[in-house]
Amino acid sequence: MVADDTDHDRVAMIQHLDPDRVDEYLEAHENVPDAVAEQMRASGVETFELFVEDDISVGYLEVEDFERYVAEYSENPECEKWEREVGEYKRSGVETDDAEIPTMDHVWSLDDATE
């Protein structure tokens, strides 16, 4: 996770999907419940992008305060239900019991490059 000078956190998350259920995972994301998106926005998420290749899912988010987001999101019963549902398609990732989200360390940004 990276905090930067723009008063928000940038976070990348990786999850391993069940290779036999990737299509189901993608289909589920065609109908993300409104309550999930509303809670993300209410918890300070400014940007959320989800990428999938083969059985790897990478989420990228920009959020005012990542720890606050995790706490608020995990307290919402609709979000907990959603995570249980999509959790069926994962081999590793968000654990709904403790809301642990595996994050990646920031290594480099184009903004870091000198001209």
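Helix axes are lines fitted to C-alpha atoms over the stretch in contact, and the angles between them run from 0 to 180 degrees between N-to-C directions. Helices (H or I, at least four residues) and strands (E, at least two) are DSSP runs, numbered from the N terminus. The model is predicted: local features need pLDDT of at least 70, side-chain atom pairs count only at pLDDT 80 or more, and totals for chains, interfaces and linings use all residues. Residues are numbered from 1 along each chain as its sequence is written, and side-chain values use heavy atoms, with hydrogens and water left out.

The axes of helix H2 (34-42) and helix H4 (residues 77-87) come within 9 Å and cross at roughly 120°. The crossing of H2 and H4 is left-handed, a term for a near helix turned anticlockwise from the far one by less than a right angle. On the H2 side, Ala-35, Val-36 and Gln-39 are in contact with Glu-78, Cys-79 and Trp-82 of H4, where contact means heavy atoms within 4.5 Å. Four residues of this contact are nonpolar, one is polar and one is charged. In this grouping, Ala, Val, Leu, Ile, Met, Phe, Trp, Tyr, Cys and Pro count as nonpolar, Asp, Glu, Lys and Arg as charged, and the others, Gly among them, as polar.

Val-36, Gln-39 and Met-40 of H2 are buried; buried means under 20% relative accessible area, exposed over 50%, and partly exposed in between (1.4 Å probe, protein chains only). Seen down the axis of H2, the buried residues fall within an arc of 100°, so they line one face of the helix. The arc is that of the directions from the helix axis to the C-beta atoms. Strand S3, helix H3 (66-75) and H4 are among the elements that cover these buried residues. The face turned away from the buried side carries the exposed residues Asp-34, Glu-38, Arg-41 and Ala-42.

Ser-43 lies in the loop between H2 and strand S3 (45-53). Ser-43 counts as buried because its relative accessibility is 0%. Leaving aside residues up to four places away in sequence, Ser-43 touches Val-63, Arg-68, Tyr-69, Glu-72 and Tyr-73.

Strands count as paired if DSSP finds at least two bridges between them. Strand S2 (residues 9-17) runs antiparallel to strand S4 (residues 56-63), with eight bridges joining the two. Met-13 has Gly-59 as its bridge partner in S4. S2 also pairs with strand S5 (residues 90-92) in the antiparallel sense, over two bridges, and His-16 stands opposite Ser-92 in S5.
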